[in-house]
Every structure is written in structure tokens, then in C-alpha cells.
Amino acid sequence: MRKFAFLIHPLDLDDVVNFEKKAAGKPVALIKKMLLWMCEKPPFIGSHIIGITSKTGRKAEGWFITVPLLPEQMREHPELAQRKILEAIDIAKELGASIVGLGGFTSIAVNGGLSIAKQSALPITTGNAYTVAAAVNGTKKAARLMGIRLSKAKLVVVGATGSIGRACSEILAPEVAEIVLVGRRQRALELQVNKLKELAVVSASTDIKKALEGADIVISATSDANTIIDVADFESGTVVCDVAQPPDVSKSVLKERNDILVFDGGIIKIPGRKIKRESRFDYDFRLKPDKYAYACMSETMILCLEGIKENFDMGSVRVSNVEKISRFAMKHGFKLAGFRSFGERITRDKIKEIRKNAALNSNKKWFYRVRRMLKYSKLG
Ligand SMILES: NC(=O)c1ccc[n+]([C@@H]2O[C@H](COP(=O)([O-])OP(=O)(O)OC[C@H]3O[C@@H](n4cnc5c(N)ncnc54)[C@H](OP(=O)(O)O)[C@@H]3O)[C@@H](O)[C@H]2O)c1
């Protein structure tokens with residue numbers, strides 16, 4: 001049996017309440033203080049996953065170890081965050097893990113693993129390479145289902161100077177008609193534009209609202225702890241892959257927009273018939289049933305099954321690592337799960353409905369056929 005560990009943490013206050021029901025309705029400042037008190041004790045095991053079985057027959061189990069800090073607290077207390085992450089890796093070693101994945105902000109807090117590479121008791125990975133593979137493949141599939149042709153489409157990548165955003169841009173730039181890179185630092189954006197200008201019609205913007213004008217496809221992967229995209233700014237029919245954890249797009253999209261396809265990036269179906277996740281503290285990482293996992297978790301499982309004993313994906317994602325992890329994923333039987341939005345399944349019928357609503361609200365060429373069909377069915 002091969003063993004891995006993956007570090008998790010509460011992404012927002014809802015997660016804290018999931019873990020500790022008494023936190024419900026308490027002031028944010030008190031909840032944050034409570035989490036800092038929890039840091040006086042060692043990180044703890046949130047859940048244990050068993051039954052992962054590769055296509056090759058190899059088996060794995062793993063532990064999700066909780067660092068009890070919110071994303072903004074990791075920013076406010078970087079040294080504490082780093083210390084707790086290293087403590088969690090020590091616990092993983094005691095459990096017999098061969099590799100540790102840095103989930104959510106535990107990766108961002110230690111600069112994609114680079115700041116702790118020397119002190120870590122075990123090999124680490126950010127899980128970002130497989131997240132990129134899943135986001136790119138999911139986006140292509142969603143665009144196809146919405147009738148959008150990549151080669152004629154405008155793609156906007158938000159968080160394009162980050163590890164995931166940069167790799168997604170590099171892979172997709174040669175395949176789209178136009179790409180707009182969005183970030184906060186003009187200089188970093190310009191460097192990225194220079195890198196891609198041979199491959200595509202590329203521009204940069206620090207203004208999300210403006211960049212979204214005319215966008216057909218959006219990939220969002222920022223490290224902002226808050227939602228940063230106003231759902232009113234998406235044009236009808238836009239396909240949006242929200243990779244960020246916590247998400248960049250507000251949950252209000254579920255109620256306010258029935259004409260855009262927003263899906264959670266990087267959700268994977270794990271191989272194995274008897275996968276079971278036992279949660280000791282009822283701490284939920286928002287994916288049900290147990291056979292689904294985020295791509296970053298899946299990357300850790302894949303590397304464990306493959307027997308990789310060195311750091312895999314540190315700092316910025318390399319496209320060569322995206323290719324490598326995709327090959328390993330296929331070998332072990334990991335696959336893209338169907339589309340989900342804020343954890344809820346999006347069925348094919350739902351996508352058809354979104355496409356129909358987009359055709360009613362938008363003049364874009366993608367929806368011409370659906371628009372015509374709707375017109376004739378009305379006349380009939
Ligand atoms: N779904 C999954 O399986 C999965 C797996 C791994 C990671 N993730 C999530 O993916 C996201 C990105 O991770 P990463 O490792 O690529 O992080 P990263 O390397 O730190 O990059 C994040 C980027 O977001 C930019 N950014 C932050 N706030 C912004 C804002 N308000 N507007 C525009 N750009 C902004 C940053 O720009 P600056 O340079 O200006 O700071 C940075 O370039 C995180 O939310 C992470 O939790 C998801």
C-alpha cells in the first residue's frame with residue numbers, strides 16, 4: 001500500500017462552521033482568534049481516504065491534514081503559516097506518507113513550495129500541473145458543448161501572472177484567436193505578453209471588467225481571498241472555468257445568470273471501486289461523493305501511485321510537467337469528472353438550457369443555429 005498526505009485548510013468561514021458548529025454566527029474577529037489558538041496545537045488529520053486503486057493494480061491511501069488558518073490569515077502571519085505547514089509535513093512522515101501535496105493557500109503561502117523545499121521532511125508538490133491539465137481540458141470540452149470554436153474565440157485569463165494562469169495561457173495561446181492576460185502588476189503582464197506574442201494575438205489588462213468585454217471563454221485562477229469578478233460583467237454565453245479556491249466568481253451566479261456556463265476547474269474522478277473518505281471531525285472539503293477530488297489532490301495521489309520520491313511541481317508550473325502528469329494520470333486511470341458549479345453537478349440538459357438562454361440574449365455567432373431553431377419553432 002502506498003501512502004500520501006495532502007494539506008488542507010478552511011477556505012472561508014463556512015468551512016470553519018463545517019468543522020466547528022459553535023462558530024456559526026460568531027463575529028469574524030473571534031473566529032480568527034479561535035483559529036490562531038488552534039495553531040498552538042499541532043495540525044490535525046481532517047480525513048483519511050482509502051480504496052484508491054490504479055489501473056495498474058497499485059493501491060494507495062492518504063490523509064488530509066488540516067492547517068487551521070484562513071487564506072487571509074496565511075497572508076497576515078506568513079511565518080506561522082510556514083511553521084504549521086512544516087509541522088503538518090512532519091505528521092505526514094510519521095503516518096508513513098511518501099509525498100505531500102500542498103493544498104489551497106498552503107502552496108501560495110510558501111511560494112509554490114520553494115520557501116520550504118530545504119526544510120521539508122518529505123517530497124512535496126503543489127498539485128498545480130494536473131490542475132492546469134484539468135482546467136485546459138475542461139475548458140476545451142465546455143467550449144465545444146456550448147458550440148464555441150476555440151480557434152475563433154477570445155480567451156481571457158485572470159491571474160495570468162500566477163503559476164496556474166501562466167501555464168494555462170501558454171498552452172492555450174496557440175489555439176485561440178485572441179488572448180487577454182489579466183493581473184494586477186503591469187510589468188509582470190508585459191513580460192508574459194512578450195513571451196506569447198509569437199504564438200497569438202495577445203494583450204494585457206489590469207482592468208477585469210474591460211478585459212471581459214467580448215470574451216467567449218474565461219479561465220480565472222487568482223490567489224485573491226475574495227470574489228473578484230462581478231457576474232454582471234460576463235457576456236451572455238461565456239464559458240468560465242473558475243480554478244481559484246476560494247472561487248473568483250461569486251456564488252450569486254447560480255441565481256443571477258442562467259445564460260453563462262461557470263464551472264469549477266480541476267475536479268477529477270479517482271480510480272477505485274471502494275473509495276471511502278472518513279472524516280474524523282466532519283470537516284468537509286465540499287466534494288461529494290468520495291470518489292471525486294480536486295486536481296491538486298489527485299496529482300499527489302498520482303505521484304504516490306507512480307512512486308515519485310522527489311519534489312515535483314514547485315514554483316511556477318512547467319508545461320513539460322503538465323504533459324508528464326497527464327501521462328501518469330492516464331496510466332493510473334484518473335479522469336476529468338463531469339462539470340460542477342460550486343460543487344453542484346451541471347448536467348448536459350442544463351448546458352443545453354444555458355446555450356438556449358445565451359442564444360436568446362446574445363448576437364454572437366456561436367449561437368446562430370440555436371437562435372434560428374428557436375425562431376422557427378416559435379413561428380411553427
Ligand atoms: N481547483 C484546484 O484543484 C486547485 C489546485 C491548485 C490551486 N488552486 C487555486 O488556484 C489559484 C491560483 O493558484 P496559483 O498557485 O497559480 O497562485 P499564484 O501563483 O499565487 O498566482 C495567483 C495570481 O493571481 C493574481 N491575483 C491575485 N489577486 C488578483 C486580483 N484581485 N486580480 C487579478 N489578479 C490577481 C496574482 O497576481 P499578483 O502577482 O499581482 O499577486 C498572481 O499572479 C488559487 O486560488 C489556488 O487556491 C486550485
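The text below goes from the whole chain to single pairs of residues.

This is a predicted model, in which local features need pLDDT of at least 70 and side-chain atom pairs count only at pLDDT 80 or more, while totals for chains, interfaces and linings use all residues. Residues are numbered from 1 along each chain as its sequence is written, and side-chain values use heavy atoms, without hydrogens and water.

The chain has 14 helices and 17 strands; helices (H or I, at least four residues) and strands (E, at least two) are DSSP runs, numbered from the N terminus. Of its 380 residues, 55% are buried. Buried means under 20% relative accessible area, exposed over 50%, and partly exposed in between (1.4 Å probe, protein chains only).

A salt bridge is a side-chain nitrogen of Lys or Arg within 4 Å of a carboxyl oxygen of Asp or Glu. The count comes to 11.

| Pair | Closest N to O |
|---|---|
| E170 and K195 | 3.0 Å |
| R187 and E190 | 3.7 Å |

K195 is exposed, at 52% relative accessibility. R187 and E190 both lie in helix α8, 3 residues apart, about one turn of the helix. R187 is exposed at 55%, whereas E190 is partly exposed at 34%.

E235, in the loop between β9 and β10, and K364, in the loop between α13 and α14, are 129 residues apart. K364 counts as buried because its relative accessibility is 16%.
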